[in-house]
Amino acid sequence: MRRLIVTSCSVLVVPESGPCRVEPDQDIVVEDGVIAWLGPAGSRPDAVGPDAAGAVTAGAEIVDGTGLVAVPGLVNAHTHGPMTLMRGAAEDVSVEDWFNERVWPMEVNLTPADVGLGAELACAEMLLSGVTTFADHYFHAERIADAVVRTGIRADIAPTYFSSRGRAALEESAEVAAALHGAGGGRVTASLGPHAPYTVDDADLVRIAELARELGLRVHIHAAEHLEQTESSLARRGITPVTVLERTGVLDAGALIAHGCGIVPDDLPTLAAHRDRTGVACCPKVYLKHALHPLTPVRSLLGTGVAVGAGTDGAAGHNTLDVWEAMRLVALTQKQAERDATWMTVSDTVRLATRGGARALGLGDRIGALEPGRAGDIVLVDLGGPHCRPVHDPVAALVYSARASDVRTVVVDGRVVVQGGRLLTVDLPELLAEIEARVPALLDTSHGRAVQHYDP
C-alpha cells in the first residue's frame, strides 16, 4: 500500500452549498491515491496506544503541514495548455485580429514537439500554483497527455476538431480521445473537442455527439463565447448556439461549454434540462482584455443547477494559467455585473475553483473537495506572508489575498509533485532553454496562412 500523511495542517472544508470553513490542526491520510481519513491531528483510529502511531506511519511519506492550509487541488476548467508558447504575443488587438492576424497564423508553425514543450510548461506552471486538474482543448492531444503523465498533474484532454479538416479527421480525433482516456493511472480523461458551432458543421456535431455516447466520453466545446456570436447565430440561423448544441445532441451527450458569455435567458431552460451533464467554464480575464460584453451569466447558471468552473483560457490571451487570479476576477466581475456586493461570496468563489470545476469536467465524484473517498489532490498554502496578514477570515484570504507563490506543497493522486515551492517532476531550466530556441520560428507569420478563419 502506498500511504502519505499530511500532519498538523488546517483544512479548507468546501461543502456542496453554504459557507466554507477552515478546520485547524488536522491530519490527512491518503492511501493508494485516495483520501482514507482526515480529522483532528493525532486522533486517527489506528493511532491508539504507544506502538500504533508508529505502525500507521511505518513506510508512509510524511508531509508536515504545520502553519499551512490544505485546500483541494484547484481546477482550471478551460485552457489551451500549449499556448504558453504564445504568451504575450497577441496584445491590444480586437478579438477578430487576435485570431486572424496573430494566433491562428502562429499555430500554423506548431509541430507536435512544440505542442509537447508548451504543454509541459503549462503543466509546470499550473502545478507550481496549486492547480492539480485542468481541461485542455488543443491539437496533438497525445503530446499533451504525455506531458500530463510525466509531470504528475491530472487533466481532461479534448483533441481540437474543425470541420474544415474533413470527416476522416473527426473520426481520428475520436480515436485519439478514446486511446488517451484512462492513461496515467486514470489521471488522464478525455473528451471530444469540436471547436465551436461556427467552425463545426451541424452534421459533424451530430456525429460527435453519437461518438461521445458510444465511447462514454463528454464534449468540450466553445459556444456562445460572447453576445455578438449569439446575435450572429440568431440572424443567420434563427437559433442560438446553445440551441444548436441541443438539436445536434451535444448537450445530451454531456458538454463542457467554454465561456458562454452569450448565453441568453431563453437558453437557461435548455441548459437546466441537461444540468446533470452540462458545465460552463468562466474565464473573465480574457473577456476584460478583449472588451467583450456581457460576462458569463454565472448567477443565472448556478440558479438553474448548471455547474460553473473557473478557467484561464490559453496563456496567449490570459497570460498566466493562474486559477487564483481567475477565481478572484470571477468574484469581482460578477459583483460588478450584478451590481450586488453580497453576491459571489468568498465561499461561492472557492467552490467555483474546486467543486464547481470538478463538476463541470464530469469529475464531481472524484475531485474538488478534501473528503474520504476522493482523490488525494491536496495543496498546502502559506497565508503567513505580509500580503495576507492578519488573517481575520482564512477563506477570504484565500480568495482575495493569496498568490500562486504562496503554494508550498502539491500532492496529486497521493504523490508529492511540488515540495517547498519546488517542482519535482520537470527540469525547468532545460525545458525553458528548448522553448526559447523555438520562439523565433513560432512567431513568424510571414507565410500568410492560418489554421482557420474567425468569422462567427
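Me: Which strands does helix H3 lie across?
Reply: H3, residues 112–128, lies across S6 and S7, and runs at about 150° to S7. Lying across implies contact, meaning heavy atoms within 4.5 Å. The angle is taken between N-to-C directions on a 0 to 180 degrees scale, with axes fitted to C-alpha atoms, for helices over the stretch in contact. Helices (H or I, at least four residues) and strands (E, at least two) are DSSP runs, numbered from the N terminus.

Me: And what kind of model are we looking at?
Reply: A predicted one: local features need pLDDT of at least 70, side-chain atom pairs count only at pLDDT 80 or more, and totals for chains, interfaces and linings use all residues. Residues are numbered from 1 along each chain as its sequence is written, and side-chain values use heavy atoms, with hydrogens and water left out.

Me: OK, back to strands. What order do they take in the open sheet of eight?
Reply: The order is S6-S7-S8-S9-S10-S11-S12-S13, with parallel pairing. Two strands pair if DSSP finds at least two bridges between them. At the edges sit S6 (74–79) and S13 (307–310), each pairing on one side only. From one strand to the next, the twist averages 25°.

Me: How many bridges between S7 and S8?
Reply: Six, in the parallel sense, joining S7 (residues 131–138) to S8 (residues 154–161). Phe134 stands opposite Ala155 in S8.

Me: Now S14. Are its faces covered or open?
Reply: Both are covered: on strand S14 (residues 378–381), Ile378 and Leu380 on one side and Val379 and Val381 on the other are all buried. Buried is under 20% relative accessible area, exposed over 50%, partly exposed in between, with a 1.4 Å probe and protein chains only.

Me: What does S14 pair with over four bridges in the antiparallel sense?
Reply: One partner is S15 (residues 407–412), where Thr409 stands opposite Leu380. S5 (residues 69–72) is also joined to S14 by four bridges and runs antiparallel to it; there, Val69 stands opposite Val381.

Me: Is Cys261 buried or exposed?
Reply: Cys261 is buried, at a relative accessible area of 1%.
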